[in-house]
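I opened the model today to look up a few single residues and their surroundings. My notes follow in the order I took them.

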Amino acid sequence: MLQDDLHFYLNLHSSRLHLKFCLARHGAGFQPLVSGGAFVKIYAPHATQVSVAAAWSVWIPTHQLMNTGNGWWELNISSDPARDYLFQFGSAYKIFLISENGESYWRPDPWSRRQDGTPLGNSLTYFDDKF
């Protein structure tokens with residue numbers, strides 16, 4: 001490989017990694033909103049149902065995401081003063097999935113910026129403006 005080819009490859013590879021990082025950081029997961037509420041976007045291509053369950057919902061998966069196609073699921077959680085306070089200060093949550101074969105799974109948010117420290121433990125909400 002010529003030096004120019006190697007330089008082009010490394011720059012292209014670096015750009016792809018940066019793009020993946022940006023998409024993961026700003027495009028998916030649980031995102032508390034400045035105006036209150038939150039936006040949730042999860043990639044689960046083999047799920048038939050995706051929900052968010054959390055301490056604020058007594059761990060009942062009441063917040064069901066809508067299938068937007070290509071494996072992506074989304075939800076806008078409306079603003080509520082008590083819940084918004086929890087969103088801003090690290091409230092625990094998990095993603096609840098039902099697979100194509102009917103099995104259910106509790107999983108941490110793969111895009112979460114904070115976890116409680118256990119491998120399949122809880123994700124924690126993170127609000128950039130508060131830290």
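I started with Tyr 85, which counts as exposed because its relative accessibility is 53%, and the cut-off for exposed is over 50%. The model is a predicted one. I placed Tyr 85 in helix H2, residues 81-88.

Next I turned to backbone angles. Most residues other than glycine have a negative phi. I noted Trp 59, where phi is positive, near 60°. Trp 59 sits in the loop that runs between strand S3 (47-54) and strand S4 (63-64). I list Trp 59 as partly exposed because its relative accessibility is 33%.

I also noted Asn 70, not a glycine either, with a positive phi of about 55°. I found Asn 70 in the loop between strand S5 (66-69) and strand S6 (72-77). Its relative accessibility is 75%, so I list Asn 70 as exposed.

Last, I checked Asp 109, in the loop between strand S8 (104-107) and strand S9 (114-115). Leaving out residues up to four places away in sequence, I listed the contacts of Asp 109 as Gly 29, Phe 30, Ile 42, Tyr 93, Ile 95, Gln 115 and Ser 123.

Definitions and conventions: Residues numbered from 1 in each chain as written. Predicted model: local features only at pLDDT ≥ 70, side-chain atom pairs only at ≥ 80, totals over all residues. Heavy atoms only, no water. Helix = DSSP H or I, 4+ residues; strand = E, 2+ residues; numbered from the N terminus. Contact = heavy atoms within 4.5 Å. Buried < 20%, exposed > 50% of the residue type's maximum accessible area, 1.4 Å probe, protein only.
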